[in-house]
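Below is a short report on a two-chain model. It covers the sheets, a helix pair and the contact between the chains.

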There are 2 protein chains.
Amino acid sequence: MSLIVFHTIADCKAWLSEERAQKEGKSDTGFVPTMGYLHEGHASLIQKARAENDIVVVSIFVNPLQFGPSEDLDRYPRSLKQDLALCETLGVDLVFAPSVYEMYGETPIMTRIHVDQLGEYLCGASRPGHFDGVCTVVAKLFQIFAPTKAYFGKKDAQQWRILRRMVADLSIDVSIIPCPIVRENDGLAKSSRNVYLTAEQRREAPALQQALQQVLRRFQEGERNVDKLRDVAMDRLNAVPGLRLDYLSFVDDETLTKVMTVDEHHTVLCAVAAYFGSTRLIDNQELVGL
Amino acid sequence: MSLIVFHTIADCKAWLSEERAQKEGKSDTGFVPTMGYLHEGHASLIQKARAENDIVVVSIFVNPLQFGPSEDLDRYPRSLKQDLALCETLGVDLVFAPSVYEMYGETPIMTRIHVDQLGEYLCGASRPGHFDGVCTVVAKLFQIFAPTKAYFGKKDAQQWRILRRMVADLSIDVSIIPCPIVRENDGLAKSSRNVYLTAEQRREAPALQQALQQVLRRFQEGERNVDKLRDVAMDRLNAVPGLRLDYLSFVDDETLTKVMTVDEHHTVLCAVAAYFGSTRLIDNQELVGL
């Protein structure tokens, strides 16, 4: 079957309803919500969705709700034609590529979904309203597609944890599947925003993962004190002239609250965000106790 | 078929899934969310749901999220046994009567749904957080039951309008059906909270509807100036010694923002809330232009 592309919610619902009726019981649906400009990270999510489901849906929508007023909404990279070609290659059944008007209507959307506490630190602190925008659009997409499983990259460490909490709290019937970070050869996490980087910034950007790797190594050697682990990372990050740190945080993997030591009973998430020029990149590493 | 009563979300989902599979295509589901202590107002919603659907579900849950810290959560009246008897009489298929723990879990719910603007005036102004609590619980119940139609009384004039907006914004596949206010013989709107009233307060309480009726009469006689319509209502309300006014507001029926005149193109909602002792009662009247 070749790729179907719809731009309206009504078309998606009608198609899915028919498809599910035809497939009777064999209609598990894998969903990969994206903002387009697809890279190998997205591809890995789509491949996993394809392997685990009968129907695979990808949405491509640069969601204005999750951008702050001074953020990069207007220049966020777009490449619908290439995105569709990739989706076709990967065996996607349906791509939903709506306009902002189709998603949020004539009188702009008034509803917001907020998840408390989990959004306080990390990207939530530097991007107020960002996760409300993510939760709102994802909840809406979940209503439209009623997926069995939804796939998210672990690069956005806070995002999938917040969404997992949202679907549990609201009894939304979907499994949130976090998937491994896909990286460039030099370790830089794949991101649509990497295209913003100048050649020099691109050379410097792998420092984020290098810092996290050095933290992981010291952790594996037995260091459990967060201040000392932080020093290890900062030594590496401070050596990058073009880098401006947003945050380097050690938080509990479940509650996303700050921790001072890594104990045996909890996994700690070490997360970093930094600017190269005006481009903000993020990366993270889980430190798994016993 | 006799009434089924479940206390867990999982039981409800399993039963509904089987029931819908059996009924194939004839499984329209009518849902009446309540806080119990059912009266003839609830009964009218259930009867309408029964007439219009194949499956009828009633939830009975005193939702702590929609009570403020100084409100009547602890003393809110409960009567599960009588409620179940009424539901059985009315031909309800399933009653869902969960505990707070079943609904919101061990680590309290972190997710909130907020609808902007529509909640600014009327009860939203005097009960901060109330409608967030209503939206959150109703959205969750909608996920559990996936109803075709959900029934709400027009006494809560702001509630069904906010919920209608929420389901449109989030593409939740359910029709919100507002139903006429059911009243006592003397005009007092039926409410579970009427039981709080002393004999004297109960005698005075119909003043709310009488004030609204006088507004309606003057409106039908041609008065379009809101200040003058307000004076008519206040004359009646001021004559009640035990009544403390919370608000008397004239708002646009769609946007719920205050209006100064009633023009031909909009329906205006005249809404009132008042305390009798510590008991807060509400009522409202639509003023329909040409």
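## Basis

This is a predicted model: local features need pLDDT of at least 70, side-chain atom pairs count only at pLDDT 80 or more, and totals for chains, interfaces and linings use all residues. Residues are numbered from 1 along each chain as its sequence is written, while chains are lettered from A and ligands numbered from 1 in the order in which they are written.

Helices (H or I, at least four residues) and strands (E, at least two) are DSSP runs, numbered from the N terminus. Two strands pair if DSSP finds at least two bridges between them. Two residues are in contact if their C-beta atoms, placed from the backbone, lie within 7 Å. Axes are lines fitted to C-alpha atoms, for helices over the stretch in contact, and angles run from 0 to 180 degrees between N-to-C directions.

Strand β9 (residues 268–276) of chain B pairs with β10(B) in the antiparallel sense over 9 bridges. Ala271(B) has Asn284(B) as its bridge partner in β10(B). Leu269(B) has Glu286(B) there. The two strands β9(B) and β10(B) form a hairpin, with 2 residues between them. In the turn, Gly277(B) has a positive phi of about 65°.

## The six-stranded sheet of chain B

Another open sheet has 6 strands with parallel pairing, in the order β1-β4-β3-β2-β6-β7 (chain B). Its edge strands are β1 (4–6) and β7 (175–179) of chain B, each pairing on one side only. Here neighbouring strands are turned by 25° against each other on average, direction ignored. Strand β2 (residues 29–34) of chain B runs parallel to strand β6 (residues 149–153) of chain B, and 2 bridges join them. Gly30(B) has Lys149(B) as its bridge partner in β6(B).

Helix α3 (residues 80–89) of chain B packs on this sheet and touches β1, β3 (55–60) and β4 (94–96) of chain B. Its direction makes about 170° with that of β3(B). Helix α6 (residues 130–145) of chain B lies across β2 and β3 of chain B, at about 150° to β2(B).

## Helix pair α6 and α7 of chain A

How do the axes of α6(A) and α7(A) cross, and at what angle? They come within 10 Å and cross at roughly 55°. That makes α6(A) oblique to α7(A). (Under 35 degrees counts as roughly parallel, over 145 as roughly antiparallel, 65 to 115 as roughly perpendicular, and the rest as oblique.) The crossing is right-handed, meaning that the near helix is turned clockwise from the far one by less than a right angle.

From α6(A), the residues Phe131(A), Val134(A), Cys135(A), Val138(A) and Ala139(A) take part. They meet Gln159(A), Ile162(A), Leu163(A) and Met166(A) in α7(A). This contact divides into 8 nonpolar, 1 polar and no charged residues. (Ala, Val, Leu, Ile, Met, Phe, Trp, Tyr, Cys and Pro count as nonpolar, Asp, Glu, Lys and Arg as charged, and the others, Gly among them, as polar.)

## Contact between the chains

The contact takes 22 residues from chain A and 22 residues from chain B. On the chain A side, β5 (111–115), α6 (130–145) and α7 (157–169) each supply at least two residues. The largest share, 5 residues, comes from β5(A). By class, this side has 11 nonpolar, 5 polar and 6 charged residues. β5(A) pairs with strand β5 (residues 111–115) of chain B in the antiparallel sense over 5 bridges. Val115(A) stands opposite Thr111(B) in β5(B).

A rotation of 180° with 0.0 Å of shift along its axis superposes chain A on chain B (RMSD 0.0 Å). The two copies are thus related as by a two-fold rotation axis. Of the residues of chain A, Ile113(A) comes closest to the rotation axis, at 2.3 Å (C-alpha). The same surface serves both copies: 100% of the contact residues of chain A recur in chain B.

Technical notes:
Copies are superposed by least squares on the C-alpha atoms of residues with pLDDT of at least 70 in both.
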